[in-house]
Amino acid sequence: MPGRIEKKWSPWPQLMFHPQMLEKRGEGEVYEKMILEQYGAEALKKSWIETCKALEQVTDEISEKGTSIIPIMNLEEFMAASTSRKEELKDRGCFVVRGVVPKDEATRWYHDLKDYVTDNKDSITGMPAETPFMFNVYHSPTQQAARSHPNSLALQRAINTLWHDTTTTTSPEPLSYADGCRIRPENTKFNSLPPHIDGGSLSRWADPAYRNVYHSIFSGSPLEHDPYDLSIRAPAKSGLFPGTSSQVLRAFQGWTALTSAGPGEGSLLLYPNIKLAIAYVMLRPFFQEPENPAEYMDATKWTLNVERGWYPGTWKKLPQIVSPMSHPHLRLEECLVNIPRVEEGDTVWWHADMIHGVDSEHNGTHDSSVLYIAAVPTTPDNVAYMKGQVADFRAGVPPEDFRGNGTDETKFKGYLGEKGILSEEGRKAAGFEL
């Protein structure tokens with residue numbers, strides 16, 4: 001089926017239980033036992049069976065449809081989408097919006113960004129360390145222009161409205177979270193972005209507010225889980241443990257394409273389901289696989305066991321990682337699919353809880369370049385972070401989430417400072433009026 005990763009899993013880790021994989025935790029960090037005590041064994045078992053059963057139909061559909069299952073709309077269609085269409089997008093949890101930026105403008109941004117990186121290459125770090133193409137650059141003129149582009153801001157605002165909130169403490173008004181960028185050359189291999197979920201790993205179980213997001217899952221009603229309830233998601237502490245997790249709630253993560261890219265060309269891989277996939281990931285640490293591998297896909301053969309203290313693919317400082325052996329019912333080898341081919345100015349969006357990864361190989365014929373621009377709603381914690389981001393920007397230091405990376409960009413050739421922001425709307429989104 002086009003779009004599936006087929007036999008290409010080998011560069012990524014297969015995660016199975018071994019005592020050496022247990023991350024050392026402090027006294028009292030027995031979150032799985034806390035959850036068991038709060039919700040009870042029967043509720044957890046019920047959710048496990050229901051989730052695995054429902055995944056059978058979902059994975060069959062994804063496996064059959066492959067890449068074609070990911071919705072595609074142009075900007076005008078998205079902005080005018082009906083309520084029923086938006087519900088379809090929410091159910092899928094990811095989509096492509098084409099033509100957000102005119103092609104010629106996106107192409108000019110690509111060349112400007114490449115010149116900026118070349119002119120300042122001796123001061124720029126990134127991944128991989130030896131020959132970086134994922135750059136610790138946050139305020140280049142290209143990034144500032146893209147984050148403050150009127151189409152991008154309008155789209156972010158519309159995407160934020162896919163979430164709902166019964167309080168008056170949040171707003172869909174977008175905030176421009178400063179993230180990095182990428183210019184990946186052709187014929188490169190990079191295995192360091194296996195399928196994972198951002199927004200913290202152990203913090204999902206450890207932080208009481210974050211744990212409450214998944215209340216329905218733990219209480220025996222996984223199909224009632226609402227992934228779009230901002231009123232309970234906003235207080236969650238994704239950055240509870242210092243590491244790679246952002247402290248900001250990105251309602252949808254996003255790529256803005258500066259060049260074209262297709263499957264196998266350093267592109268994105270998505271697991272196009274939210275509700276059941278995150279339910280499975282959240283329940284997985286409570287259950288031990290049967291001794292006979294032939295019975296792995298039979299959820300009834302798994303046993304409740306919170307004594308091992310093992311969270312598969314979970315390390316405090318890293319995002320949540322998944323693999324076929326540790327999370328077999330997800331059928332990742334069949335259901336992690338490439339996004340459709342994108343052209344210059346197209347954008348890709350995926351929910352904060354979505355499993356995603358990046359092609360380990362780029363077999364295209366030119367650079368694959370994207371900007372990391374997310375849809376970030378206005379919440380109390382996001383506002384607090386953005387105030388700090390403005391202070392960091394003015395001080396010439398990397399944003400707080402990236403404090404250990406990057407250098408003083410105010411000294412870079414081509415740096416424009418606040419002049420790089422295109423509009424007053426862009427300044428507001430960047431946090432200058434908070």
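Colleague: Which residues touch the most other members in the largest nonpolar core?

Modeller: This is a predicted model. In it, the largest nonpolar core has 65 residues, and W205, F218, L270, Y271, L330, V348 and I355 touch the most other members.

Colleague: Which helix gives the most to this core?

Modeller: Helix α12, residues 275-283, gives the most, with eight residues.

Colleague: And I355, what is it in contact with?

Modeller: Leaving aside neighbours within four places in sequence, I355 is in contact with P195, H196, I197, L269, L270, Y271, A277, V322, L330, L332 and L336. L270, Y271 and L330 are themselves among the core residues that touch the most other members.

Colleague: Changing topic to cysteines: how many disulfides does the structure hold?

Modeller: The structure holds zero disulfides. For C52, the nearest cysteine sulfur is that of C335, 14 Å away. For C335, the nearest cysteine sulfur belongs to C94, at 12 Å.

Colleague: Is C52 buried or exposed?

Modeller: C52 counts as buried, because its relative accessibility is 4% and the cut-off for buried is under 20%. C335 also counts as buried, at 0% relative accessibility.

Colleague: Now D359. Where is it found?

Modeller: D359 is found in the loop between strands β15 (356-358) and β16 (361-362). D359 is buried, with a relative accessible area of 7%.

Colleague: What does D359 touch?

Modeller: Not counting residues up to four places away in sequence, D359 touches R184, F190, G262, P263, G264, E265, G266, S267, L269 and N338. F190 is 169 residues from D359 along the chain, yet their C-alpha atoms are separated by 7.7 Å.

Colleague: Which backbone nitrogen lies 2.9 Å from a polar atom of the D359 side chain?

Modeller: That is the backbone nitrogen of G264. The backbone nitrogen of E265 lies 3.4 Å from a polar atom of the D359 side chain.

Colleague: On to charged pairs. How many salt bridges does the structure hold?

Modeller: The structure holds 25 salt bridges. One of them joins the side chains of E50 and K46, with an N to O distance of 2.7 Å.

Colleague: Where do E50 and K46 lie?

Modeller: Both lie in helix α2 (residues 41-65), four residues apart, which is about one turn of the helix. E50 is partly exposed, with a relative accessible area of 27%, and K46 is partly exposed at 43%.

Colleague: What does R92 form a salt bridge with?

Modeller: R92 forms a salt bridge with E61, and their closest N and O atoms are 3.8 Å apart. This pair links distant parts of the chain, with R92 in helix α4 (residues 83-92) and E61 in helix α2, 31 residues apart. R92 counts as buried at 16% relative accessibility, whereas E61 counts as partly exposed at 27%.

Colleague: And R157, which residue is its salt-bridge partner?

Modeller: R157 pairs with E425, the closest N and O atoms being 3.0 Å apart. R157 is in helix α7 (residues 150-160) and E425 in helix α15 (residues 424-429), so the pair links distant parts of the chain, 268 residues apart. R157 counts as partly exposed at 23% relative accessibility, and E425 counts as partly exposed at 32%.

Colleague: Which residues do salt bridges that share partners join into one network?

Modeller: D60, R331 and E334 are joined into one network in that way.

Conventions: Residues are numbered from 1 along each chain as its sequence is written. This is a predicted model: local features need pLDDT of at least 70, side-chain atom pairs count only at pLDDT 80 or more; totals for chains, interfaces and linings use all residues. Side-chain values use heavy atoms; hydrogens and water are left out. A nonpolar core is a set of buried Ala, Val, Leu, Ile, Met, Phe, Trp, Tyr and Cys residues joined through side-chain atoms within 4.5 Å. Buried means under 20% relative accessible area, exposed over 50%, partly exposed in between (1.4 Å probe, protein chains only). Helices (H or I, at least four residues) and strands (E, at least two) are DSSP runs, numbered from the N terminus. Contact means heavy atoms within 4.5 Å. A disulfide is a pair of cysteine sulfur atoms within 2.5 Å. A polar contact is a pair of N or O atoms within 3.5 Å; within protein, one must be able to donate a hydrogen and the other to accept it, and residues adjacent in sequence count only if both atoms are side-chain atoms. A salt bridge is a side-chain nitrogen of Lys or Arg within 4 Å of a carboxyl oxygen of Asp or Glu.
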